[in-house]
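Okay, thanks everyone, let's get going.

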Amino acid sequence: MVIDSQPRQALVRRVTGLARSTPGRLGLLVVVLVVASVASGLLSTWSVNRQELALQELATRSEPLAHAAQEVYRALQDADATAASAFLAGGLEPRELRERYEADIAQAQAALSVATASSPDLTATLSAQLPVYTGLVETARTNNRQGFPVGAAYLREASGLMRTQLLPAARELYRSETDRVARAQDDAEFPLVPVLVAAAFVLALVAAQRYLTRITNRLLNVGLLVATGAALLSLLWVTTVSVLVMNDVSDSRTASSKADVLAQARIATLTARGEETLTLVARGSGQAYEKNFVEVSGRLRELLEQAGRLDPSQAVASATENFRQWQQVHQRIREADDAGRYAEAVGLIGNPHFDSLDRDLVRAIGEARQDFSDEVAVARASLAGTVVGVLVLAVIGAAGAAMGLWQRLKEYR
Amino acid sequence: MRRRLALAAVLLAGACSAGPAPSEVVPRSVAAPQPAGASTVTAAPGSAANPEPGCDATASLRPGPLPPAGQMPAGSTMEKILQRGRLIAGVDQNSYLMGFRNSFTGEIEGFDVDVARQIAKALFGDESKVQFRVVTSAERIPMLRSGAVDVVVRTMTINCDRLRDVDFSQVYYEAGQRVLVRRDSGITGVEDLADRSVCSASGSTSLGNVVDRAKTTVSVPNWTDCLVMLQQGQVDAISTDDTILAGLAAQDPYTEVVGARFTEEPYGVGIPKGQEDLVRFVNGVLERMRADGTWRGTYDRWLGRLGPAPAPPAGRYRD
């Protein structure tokens with residue numbers, strides 16, 4: 001400490017000595033303004049870059065991953081409902097149901113491989129159990145084809161595996177990925193600190209101008225004027241762009257929550273369909289499935305109402321209408337089954353309202369995702385060139401301040 | 001020389017220094033799934049602690065002459081069923097040969113199902129006027145008590161314990177409990193189960209009969225769930241009535257029924273407690289099936305693979 005104190009005291013003496021003379025003060029001012037200009041410019045650049053990265057993450061990673069996770073969930077739920085329907089049909093399974101099941105498994109697998117890259121822990125259960133599930137379904141199918149009732153037992157086991165392990169894991173994955181979207185949207189928040197620093201820098205330049213006017217009796221210093229102009233322009237640019245981006249991100253939040261509600265509605269639709277089918281498969285001992293159907297239908301009704309408030313589009317209106325008709329047909333199915341008219345009940349389950357509802361929801365989800373994508377693209381477009389612009393303005397500001405003060409400093413030589 | 005030694009030491013040290021452990025892929029195996037509702041049982045559930053003295057379970061009520069189809073006595077249970085337009089029968093759709101779903105037609109068929117159809121035929125003159133409600137073993141008594149079904153025809157053993165809750169028709173089939181195993185298991189009968197695991201349906205008499213004889217007992221909702229567990233190697237044996245086992249063995253040629261019958265399981269039609277008129281009516285239907293050869297025809301159709309038809313059980317009545 002004792003040894004160190006010598007040079008430090010010398011430095012302090014030199015700086016305070018400089019500050020005592022006018023040329024010394026001017027020299028210090030040059031250094032301070034140049035450093036402040038570069039620092040403020042870099043801070044703004046960093047914040048704009050952060051927004052750009054957040055938007056890029058949203059557009060190219062978070063949203064596609066959230067969609068992949070939703071696709072895993074949907075495809076699994078649909079595969080389970082379809083396998084049950086194929087069983088219910090009796091005889092050789094209808095070709096279109098088999099194809100639908102195979103498409104579901106392929107889609108689940110493809111979406112799973114997309115999601116695995118980002119969340120290997122959350123997809124571990126899904127990756128491990130999906131082949132077990134398909135194996136059970138194939139065993140069920142083989143036995144069914146030979147007319148053995150043990151086929152139905154394998155199908156029940158497969159469905160149990162789906163409900164207790166695969167679907168909860170898929171639900172967790174979907175939640176985690178939608179949270180990631182929300183976090184990326186939070187990252188694109190308003191850059192308050194950099195904007196305040198830039199404003200403080202503008203004020204500092206104005207103060208420097210007034211100081212110069214006082215000591216030199218000249219009204220304006222061109223160099224400082226240019227620097228002030230550049231700093232002001234940079235401040236306005238960053239503020240305007242950030243407000244625009246905030247606006248777009250807020251719109252994208254609306255779009256992504258709309259897509260989320262619709263995706264949940266679609267999953268609820270498929271769940272309800274599965275329960276409806278299993279009630280008939282159980283032939284009179286399916287009270288638990290019917291109870292689930294009523295529960296899921298109630299949730300689906302709420303989700304559709306919520307979607308209608310968020311997005312009063314034609315697709316959502318049509319979905320709501322198809323839901324209403326499906327519920328009416330379901331009443332008739334239950335009446336027929338409860339009255340012992342089983343064949344009539346099985347015949348009614350092939351009604352078009354479920355498929356129409358599903359198609360409407362696919363359309364509405366597609367529209368909401370397009371809205372989201374548009375908003376993010378607009379936000380990214382408004383950020384274009386900002387980084388370079390702000391950096392150039394920072395250099396202009398630093399150069400202007402240095403040159404303006406250098407002229408005054410020369411007068412003291 | 002010294003330098004060379006030093007170099008060797010450095011090289012050795014290099015060879016010994018630990019790099020990161022090679023990565024492992026987890027999981028290496030996945031726990032095999034089990035049928036929904038499978039659980040391990042340690043004691044027979046609610047077995048008869050004190051059977052009522054003098055209980056003669058298989059003695060039923062003597063039938064009178066059968067009324068003509070479609071003309072049931074006024075105020076009788078049968079008349080109420082007639083007015084509804086269909087008989088509601090609790091059956092199984094998972095016991096191959098006794099009550100099972102024909103996967104080609106989607107219809108429920110089997111020995112028990114034909115008995116239910118004969119009752120419908122006697123009531124309506126039309127054996128198709130019957131609604132089948134699938135019930136698990138454990139649901140049979142609750143369904144009868146709640147009135148959700150008119151009759152239960154589902155491999156239901158008559159015993160004194162159950163007679164406290166429901167009534168039974170006379171015996172329509174004499175089954176007995178045996179053991180189903182994989183052909184290469186080395187198990188030859190119920191005696192070999194002491195150090196093995198066995199599967200049985202919950203709420204069945206079979207479960208109570210075997211739980212003390214096996215090392216571990218697993219209960220499942222349906223008999224086919226037991227076959228799933230046997231095929232997946234999760235249990236060593238299945239023990240229940242030979243009728244049900246024959247149906248399971250028919251679905252898997254790698255299994256066989258072993259050992260002698262170690263219980264007697266007289267099957268009766270379950271009827272809600274106190275409906276004596278319906279008990280007498282069903283007994284009349286069963287008498288007629290024995291007399292006109294329908295019983296033998298039904299046996300040959302479904303259970304012929306067990307061997308030639310035995311004599312149908314003789315009616316025993318307590319009045």
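So, to start: which side chain does the side chain of A:S119 make a polar contact with? Keep in mind that what you see is a predicted model. The partner is the side chain of A:E177, at 2.9 Å. As for where that serine sits, look in the loop between α3 (95-118) and α4 (124-145) of chain A. A:S119 has a relative accessible area of 7%, so it counts as buried, the limit being under 20%. If you skip the neighbours within four places in sequence, A:S119 is in contact with A:L173, A:S176, A:E177 and A:R180.

Let's pick A:L173 from that list and move over to it. That leucine belongs to helix α5 (residues 150-187) of chain A. Is A:L173 buried or exposed? Buried, with a relative accessible area of 0%. Not counting residues up to four places away in sequence, A:L173 touches A:A69, A:A115, A:L122, A:T123 and A:L126, along with our serine, A:S119.

Next up, the empty spaces. Rolling a probe the size of a water molecule over the atoms shows where empty space is left. How many cavities of 30 Å³ or more does the count come to? It comes to 4. The largest cavity has a volume of about 100 Å³. Its lining has 13 residues, and the closest to the centre are A:S40, A:F201, A:A231, A:S234 and A:A394. Four helices of chain A, namely α2 (22-89), α6 (192-216), α7 (222-281) and α12 (386-410), each supply at least two residues of that lining. In the lining of the largest cavity you get 7 nonpolar residues, 6 polar and no charged.

The second largest cavity is at about 60 Å³. Again 13 residues line this second largest cavity, and the closest to its centre are B:R140, B:T155, B:S204, B:S206 and B:D241. In chain B, α6 (205-210) and β12 (237-241) each supply at least two lining residues here.

Most residues other than glycine have a negative phi, and most peptide bonds are trans. B:T155 isn't a glycine, yet its phi is positive, about 35°. You'll find B:T155 in the loop between β7 and α5 of chain B, and it's buried at 5% relative accessibility. B:L97 is another one with a positive phi, near 85°. This leucine lies in the loop between β3 (94-95) and β4 (99-101) of chain B, and B:L97 counts as buried at 4%.

B:N159 is in the loop between β7 (151-152) and α5 (160-163). A polar atom of the B:N159 side chain lies 2.8 Å from the backbone nitrogen of B:R162. Beyond four places in sequence, B:N159 is in contact with B:A57, B:F168 and B:T205.

Last one: helix α3 (residues 111-124) of chain B. At 1.5 Å a residue, its 14 residues should span 20 Å, and the end C-alpha atoms are 20 Å apart, so that agrees. In α3(B), 13 of the 14 residues are buried.

Note on methods: Residues are numbered from 1 along each chain as its sequence is written. Chains are lettered from A and ligands numbered from 1 in the order in which they are written. This is a predicted model: local features need pLDDT of at least 70, side-chain atom pairs count only at pLDDT 80 or more; totals for chains, interfaces and linings use all residues. Side-chain values use heavy atoms; hydrogens and water are left out. Buried means under 20% relative accessible area, exposed over 50%, partly exposed in between (1.4 Å probe, protein chains only). A polar contact is a pair of N or O atoms within 3.5 Å; within protein, one must be able to donate a hydrogen and the other to accept it, and residues adjacent in sequence count only if both atoms are side-chain atoms. Contact means heavy atoms within 4.5 Å. The expected span of a helix is 1.5 Å times one less than its number of residues. On a 1 Å grid over the protein atoms alone, a cavity is a set of points where a 1.4 Å probe fits but cannot get out, and a pocket is an open set with protein on both sides within 12 Å along at least five of seven lines; lining residues have an atom within 4 Å of a point. Grid points are joined across faces, edges and corners, and a volume is the space filled by probe spheres set on the points. Ala, Val, Leu, Ile, Met, Phe, Trp, Tyr, Cys and Pro count as nonpolar, Asp, Glu, Lys and Arg as charged, and the others, Gly among them, as polar.
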